[in-house]
Amino acid sequence: MMGAEKPPALGFAEADELELSSPAGSPAPPPRKMHSLDFEHIGSLAAVAESLSPGSRWGRALTSVRVVIFQARINVLLPFGPLAIMLHYLSGKHQGWVFLFSLIGITPLAERLGYATEQLACYTGPTVGGLLNATFGNATEMIISIYALKNGMIRVVQQSLLGSILSNMLLVLGCAFFAGGLVHSDRDQVFNKASAVVNSGLLLMAVLGLMFPAVLHFTHSEAQYGKSEVALSRFSSCIMLVAYASYLFFQLKSHRSVYSPIGDEEEAIEDEEDEKEITQWEAICWLFILTIWISVLSGYLVDAIQGASDSLNLPVAFISVILLPIVGNAAEHASAIMFAMKNKLDITLGVAIGSSTQISMFVIPFCVVIGWMMGQEMDLNFQLFETATLFITVLVVAFMLQEGTSNYFKGLMLILCYLIVGASFFVHVDPDANEN
């Protein structure tokens, strides 16, 4: 009929469906419609996949967690931290185990804190990077020291910081020289002698600052007994902080060429600095998280020192000088050996000797100033035994570095010297132990 409406034209897909599914002469079934729910379900899965992609916010967060937490093998020690806290509250009698578990739990946190600092330094200039290394590079020692100062444990602060210097200069540098010398046994390894001499001079200046309060105390030549050495220590600490700030300016700004690596190491350092695995804000967030977690464990660690000394039958001086620095120097120890084996001794010296310089010229004076603000009489009188040990150690290391070369024998001598120092503190009785 002329007025009849024509059926709607079928698309190619619908026509093919009718031809395949409809037998001859039978009425064609209505065309199958795609449900909108399928498209919604597929869209939601795509949105989830897009949110977890490496370029998205959640994807970056997961990548950052994988790189910082799961990539380092040393992080298998992380559960020891919560175990120490649980053991502290479940049983107050096992302070030795609480101390050991806290010590082990802080070790990977200190290593990851150093990693986050290095990643953040990749996004800043050398000046800011140097300041970051000065603060966060020894953040573990500073946090433990502040907690000990808060509890009035001044001798623990002094001995732990002294132990960090001795550990970096003898054990860390000795192991690095020994490992690098074995890998490159056919020749002596070479490093920048000029920067080593400057660091040795700063370490001798630190010994000078520690020696005069001790001499003033033991010669009984104070103008006001008990007050003159504290006043002298605070004045010397301010001078040492000014000297360290001047050293940073000298190293990073005015005389950068003096600290330039030897040979082709400069290109290797640039390649190392360009390896950015996490973003700038991720590095800042990880610094914040790791610092808080180290602060929490440091409180349990400091509280358990005396109990650990009694239960483990170890002198507090041995625990403070030998055991505690192992935590703060975990990152330095591993990286110094790795760079020495790669024949990058300038970086090794920057890690080991540079860290000793930071502690002696920055962390120790900083703790004196912080103790001043807390009302604690923290001073630079480290007693004659500790001051003499530091003085001899600085002299030994200065003689080892004066030629600008290293080998496995020099490393072995430094390690053996550290064993002698450790044995000395094992049989050493702190003269202030009975007074405190």
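The model is predicted, so local features need pLDDT of at least 70 and side-chain atom pairs count only at pLDDT 80 or more, while totals for chains, interfaces and linings use all residues. Residues are numbered from 1 along each chain as its sequence is written, and side-chain values use heavy atoms, with hydrogens and water left out.

Threonine 348 belongs to helix H16, residues 345-374 (helices, H or I of at least four residues, and strands, E of at least two, are DSSP runs numbered from the N terminus). With a relative accessibility of 0%, threonine 348 is buried; buried means under 20% relative accessible area, exposed over 50%, and partly exposed in between, with a 1.4 Å probe and protein chains only. Leaving aside residues up to four places away in sequence, threonine 348 touches Leu173, Ala176, Ala336, Phe339 and Ala340, contact being heavy atoms within 4.5 Å.

Leucine 301, in helix H12 (residues 280-303), is likewise buried at 0% relative accessible area. Its contacts, again without residues up to four places away in sequence, are Phe99, Ser102, Leu103, Ile106, Ile144 and Leu324. Leucine 301 and glycine 96 stand 205 residues apart in sequence, with 9.9 Å from C-alpha to C-alpha.

Aromatic rings come next. Rings of Phe, Tyr and Trp (its six-membered ring) pair if their centres lie within 6.5 Å, with planes under 30 degrees apart counted as stacked, over 60 as edge-to-face and the rest as tilted. Tyrosine 244 and tyrosine 247 make a tilted pair, with 5.8 Å between centres and 45° between planes. These two tyrosines are both buried and lie three residues apart in helix H10 (residues 228-254). A single aromatic cluster brings together Tyr244, Tyr247, Phe362 and Phe366.

UniProt, in an unreviewed entry, places the feature "transmembrane region" at several spans, including residues 231-250 and 283-302; its positions follow the numbering used here, feature names are shortened, and annotations may be inferred rather than shown by experiment. In the model, residues 231-250 are 100% helix and 0% strand, with end C-alpha atoms 29 Å apart. For residues 283-302 the span is also 100% helix and 0% strand, and the end C-alpha atoms lie 28 Å apart.

Two asparagines have a positive phi. Asparagine 313, with phi near 60°, is in the loop between helix H13 (305-312) and helix H14 (316-328), and its 65% relative accessibility makes it exposed. Asparagine 343 has phi near 65° and is found in the loop between helix H15 (330-341) and H16; at 23% relative accessibility, asparagine 343 is partly exposed.
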